[in-house]
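Hello,

Here is the structure I promised to pass on to you. Please open it alongside this email, and then read on for what turned up in it.

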Amino acid sequence: MQRWMDLRKADPRQPANRALYGCLRQAILDGSLPASSRLPPSRDLASELKLSRNTVMHAYEQLLAEGYLRTLTGSGTFVADVVPDNILWTRTGAASRLKTGDDQAPPIPLSGRGRGLVKDASASSIQWGAFVPGVPDVTEFPYRKFTQISARLWRRPPPELLSYSSGGGYYELRHELAIHLRQARSVNCDPDQIVITEGVHQAVDLIARLLGDPQDKVWVEEPGYWGIRSVLTINGLRVESVPVDEEGLAPEARHHGRPPKLIFVTPSHQYPLGSVMSLRRRLALLEYASQHSSWIVEDDYDSEFRFSGHPIPSLQGLVPDAPVIYVGTFSKTLYPGMRSAYMVLPKGLAASFSKAHSELYREGHLLTQATLAEFIKAGYYAAHIRRMRLIYASRRTALIAFIEKWLGSGWLHPYDSNAGLHLVLSLPNEMNDVQVARAALERAVAVRPLSKYYAGQPTESGLLMGFACVSEQEMRAPFEILVECLRAQNAA
Ligand SMILES: Cc1ncc(COP(=O)(O)O)c(C=O)c1O
């Protein structure tokens, strides 16, 4: 009765039958109404709570339908003996909340590799705004065109498109992508070599599982993208960091022991420093991989956005039958939440990858893939990339102008190659980039410390600054805040 009074006081606008239902359900879950106990007849409860009998009957009926109560003809209404399956989770949640008094459950121990993943997790909770790196301007996405296609397909969707996906994804999308990649990225491919994945992370996960065994050595760039390192590590691979310089991956004598099974590189635009792998290094890497039966994984994450000179052709297309798995994504060209990426596999690997992909992830999203296929075929994709390239180029110019005006020259990282969605601001080595980034974040400005992209001892201090997702006008105020944070750090 007291619980009922409290509930009505807390939310008097809630319909009485819903409130009574919630109150009784809670009492069943926390054991105050134990299994098999008898509920008062609806008429008695109605008069006790000053409710209509209908209200009580409604609440009882709902609880009966959900399996919390049962009736015995002639004997009355009882709490069920067995809790319905779909409330097991709720019961735990409710019980722990009652015990601790808040929503913070004490952490439950994970496996060793789970602990490692969570301890070193780098994904930020802030994914939009000045100066989040690697995020495109999603507000410019031509959603009207996209939804027109999608709405047409939804009018009478073929049932196959609403079921599971198999065979590496929707054929028409793979077909359109093959044309696009051949033209725009000089990738050697036909549609059967393509597998559509839910982002680059899923592609890397599949590569790690199908081509690597626990303790196999893999090379990643240092500094490099933490996401790939995390996926490889949790798959039990031995990740070795190989430094990069202005010509890209630069293995040293110490790396040449047992050859790596997999070599992860970003040759068109090294992530995060920005260098382009030289032709000399490309040929040497292809030669090395062929000799040692290693696979190169080319992560071509943002190479559509190059603001001067010619596009850099892919490593995969440099020689016929290159030992390269090419990986690309729609996250930067369209929007990251689409979670759609693709890999181009050597012909002998494609069928196994496509089969394993369905087996492991039970993929779907065929209707989105069909929409995307039409979007590309109609020329909207290429047009959107062209348009965004101009927008990003002018935002990048604006950011560099701010840097020069407020900080002077020499702050842009020397490997910068005028491309992508972010740049690296080089800091004096004695300046702590983590502290600058933290101070900026406290004032709602998101920059990422370069040192966090090193697995080992960082050799440089800097800040990754995304310029894509804010307009020139919106950059000014956050940039001034950043300058204040840098000055404060310098004075400290
Ligand atoms: C180098 C690099 N590769 C891959 C990705 C992730 O791509 P996706 O969103 O398709 O998982 C990112 C994301 O920022 C990245 O920086």
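Which loop does Gln-215 lie in? Gln-215 sits in the loop between α9 and β4. Although Gln-215 is not a glycine, its phi is positive, at about 80 degrees. Before you go further, please keep in mind that this is a predicted model.

Ser-186, which is not a glycine either, has a positive phi of about 50 degrees. You will find Ser-186 in the loop between α8 (171-185) and β3 (194-197). Ser-186 is partly exposed, and its relative accessible area is 33%.

While you are looking at loops, there are cis peptide bonds to check as well. One of them runs from Glu-222 to Pro-223, with omega near 0 degrees. Pro-223 belongs to the loop between β4 (217-222) and α10 (226-234). Another cis peptide bond links Ala-130 to Phe-131, and its omega is near -5 degrees. Phe-131 is part of the loop between α6 (112-119) and α7 (143-155).

Now to the ligand. The residues around the ligand include Gly-199, Val-200, His-201, Tyr-225, Tyr-271, Tyr-301, Ser-331 and Arg-339. Asp-299, Thr-329 and Lys-332 are also among them, and each of these has a side chain worth a look. In the side chain of Asp-299, an N or O atom is 2.6 Å from a nitrogen atom of the ligand. For Thr-329, a side-chain N or O atom is 2.6 Å from an oxygen atom of the ligand. For Lys-332, the distance from a side-chain N or O atom to an oxygen atom of the ligand is 2.7 Å. On its own the ligand has 390 Å² of accessible area, and the protein covers 91% of that.

Sorted by class, the shell around the ligand holds 4 nonpolar, 4 polar and 3 charged residues. Helix α9 (residues 199-211) supplies the largest share of this shell, with 3 residues.

Lastly, the interior. In soluble globular proteins, nonpolar side chains tend to be buried together. Here, the largest nonpolar core has 64 residues, and Leu-463, Met-465 and Phe-479 are those with the most contacts inside it. The helix that gives the most to this core is α14 (residues 380-407), with 11 residues. Both domain 2 (159-378) and domain 3 (383-491) contribute to the core, with at least three residues from each.

Enjoy exploring, and do write back with any questions.

Best wishes

Note on methods
Residues are numbered from 1 along each chain as its sequence is written. This is a predicted model: local features need pLDDT of at least 70, side-chain atom pairs count only at pLDDT 80 or more; totals for chains, interfaces and linings use all residues. Side-chain values use heavy atoms; hydrogens and water are left out. A residue is near a molecule or strand if one of its heavy atoms lies within 4 Å of it. A polar contact is a pair of N or O atoms within 3.5 Å; within protein, one must be able to donate a hydrogen and the other to accept it, and residues adjacent in sequence count only if both atoms are side-chain atoms. Accessible areas come from the Shrake-Rupley method with a 1.4 Å probe; for residues, only the protein chains shown count as cover. Helices (H or I, at least four residues) and strands (E, at least two) are DSSP runs, numbered from the N terminus. Ala, Val, Leu, Ile, Met, Phe, Trp, Tyr, Cys and Pro count as nonpolar, Asp, Glu, Lys and Arg as charged, and the others, Gly among them, as polar. A nonpolar core is a set of buried Ala, Val, Leu, Ile, Met, Phe, Trp, Tyr and Cys residues joined through side-chain atoms within 4.5 Å. Buried means under 20% relative accessible area, exposed over 50%, partly exposed in between (1.4 Å probe, protein chains only). Domain bounds come from an automatic or database domain assignment.
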